Amino acid sequence: MSKDVAVLGVGMHPWGKWGQSFVRYGVKAAQDALRDAGLRWRDIQFVAGGDTIRNGYPGFVAGATFAQALGWSGAKVSSSYGACATGAQAISVARAHILAGLCDVALVIGADAAPKGFFAPTGGKRPDDPDWLRFHIQGITNPTYFGLYARRRMAVHGATQRDFAAVKVKNAKHGLHNPNARYRKEVPLEEVLSSALVADPLHLLDICATSDGGAALVLSSMDFARKHTTDPVKIAAVSTVTPVYPNTIIEMPNLATDSKTGVGLPELGFKESIAHDAYEEAALGPKDMSLAEVYDLSTALELDWYEQIGLCPPGDAEKLLRDGETTIGGRIPVNPSGGLASFGEAVPAQAIAQVCELTWQLRGQAEGRQVEGAKAGVTVNQGLFGHGSSVICTV
Amino acid sequence: MKTHVPAVDGLFTMDPPEPRLLGTRCRGCGTYFFPAERTFCRNPDCDEDALEEVHLSRTGTLWSYTSANYQPPAPFVAKDPFEPFAIAAVELEAEGITILGQVADGVGVEALEAGMPMELVLRELYQDEEHVYFTWNWKPTDGAVGGA
């Protein structure tokens, strides 16, 4: 049985700091996705919401919140959370319902209204919560982890701060013409290097901002799609893997890794396993991909992902970047959307937005940033507390 | 005279100058946990639920490091005025664990280099009317020089 589901419609609310409710961003994205699919809200049988944890109770039950805002229609509902991987969780639930024959057509929505500055844990004294503990007892923020990975990359692979800055330069160029991007301005290398040092060796412009935004997908069975369109973009795989014990690379929000003592190491590290699982499911490999959307929470993390999703062997990411292979026009453009560097992060919307970009690229509709002849693309992302997220789309 | 106490109980011993992190070790498979896991072994192939309290090694090797140049938000209690600090990830060889911690006062990133030996020390985190609250820090082992 084919595991394909069709992407009938995509929609986004532009990223930014708009000062409005996340519900508004999500509904706008959903309406655009419905229009793109040529369907009405009443046609949707299942709605999958991606939760936001910074917007009160409506955010914890995002599926129902969006359904109510669009107008109670009796559609079935789910609400999921997986930190940065929330969008993939929502996509996975909708896709599973379609593949199981429990519904024909589903709407996936994620949206966020984000605070300024560092993400902080929710209130109260909770020593048993690693997210509370790391802030309280060591002052460890999210950029701390980005800085540790970047310094490690410099020590092991000889990366430089200029290499990291070059990722920002590339992504800023890619995002220039993306109408949904928050930052649409070229950033010279020197500007990145002269921006404030936040988490050594990373500067302010190496680290992604937090943004408001919303993204939505209309997904359907292939049978349903055939009645509405020809040659839709398909989702060929969704990976939502967890790590395999022991997870020996330090990971947000933990203060320590698992122990290597007394147990064998897994064949693949966690980050390597995320896209690997999607490739296996789609029966495709990195060489089959025309483009990739990776989670560049920091510039240095984008280089790590090149290797972790198999675009090049470990240690070669800097060369791949310098050779222009990951720029639009190169062998395997990465983040043609402009990535988080151009968007900032709207947590529950981001993994959905990655699939919106793949869809526009595979349809040939990515105006001003089109990857010519794109046939397949992969997204990758990781949510804290062990959420893998990777989606492969094909035409 | 204020009492010296850990900022959070059960993570380390208050034994200057040689504090120890408090972990647990599975009696079945031998794997370690920090912070201490006291309910069941998290190795998926181990059914043991007998976990013994252990003091982890005080020394390890610097895996990587970074800095906090901007004040972290609450529940971190920052000094006023805020002073940037370095943060280290240190690998403990015997336990096979990498543990994060601030780097001791006065040691900045320029003095650090991956692979250098580090040791555990205590440092004041904040105080109130009655108590001085402590946490653990990593410090280059005496004589270790990095950033060459």
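I began with A:Pro253, which sits in the loop between strand E8 (233-239) and helix H10 (270-282) of chain A. I am working from a predicted model here.

I then looked up A:Pro201, and found it in the loop between E5 and strand E6 (202-203) of chain A. The bond from A:Asp200 to A:Pro201 is cis too, with omega near 5°. I noted these bonds because most peptide bonds are trans.

Next came phi. A:Ala83 is not a glycine, yet its phi is positive, near 55°. I placed A:Ala83 in the loop between strand E3 (76-80) and helix H4 (86-99) of chain A. A:Ala83 is buried, at 5% relative accessible area. A:Phe385 also has a positive phi, about 70°, and lies in the loop between strand E10 (376-383) and strand E11 (387-394) of chain A. A:Phe385 is partly exposed, at 47% relative accessibility.

Last, I turned to the interface. Chain A brings 40 residues to the contact and chain B brings 49 residues. I read off a buried area of about 3,500 Å², with 62% of it from carbon and sulfur atoms. A:His136, A:Gln138 and A:Tyr245 give 19% of what chain A buries against chain B, more than any other three residues.

How many salt bridges cross this interface? I found one: A:Lys260 pairs with B:Glu91, their closest N and O atoms 3.4 Å apart. I also logged 24 residue pairs in polar contact across the interface. On the chain A side, H6(A) gives the most, with eight residues.

Technical notes. Residues numbered from 1 in each chain as written. Chains lettered and ligands numbered in written order. Predicted model: local features only at pLDDT ≥ 70, side-chain atom pairs only at ≥ 80, totals over all residues. Heavy atoms only, no water. Contact = heavy atoms within 4.5 Å. Buried area = accessible area lost by both parts, 1.4 Å probe. Salt bridge = Lys/Arg side-chain N within 4 Å of Asp/Glu carboxyl O. Polar contact = N/O pair within 3.5 Å; in protein donor to acceptor, adjacent residues only side chain to side chain. Helix = DSSP H or I, 4+ residues; strand = E, 2+ residues; numbered from the N terminus. Buried < 20%, exposed > 50% of the residue type's maximum accessible area, 1.4 Å probe, protein only.
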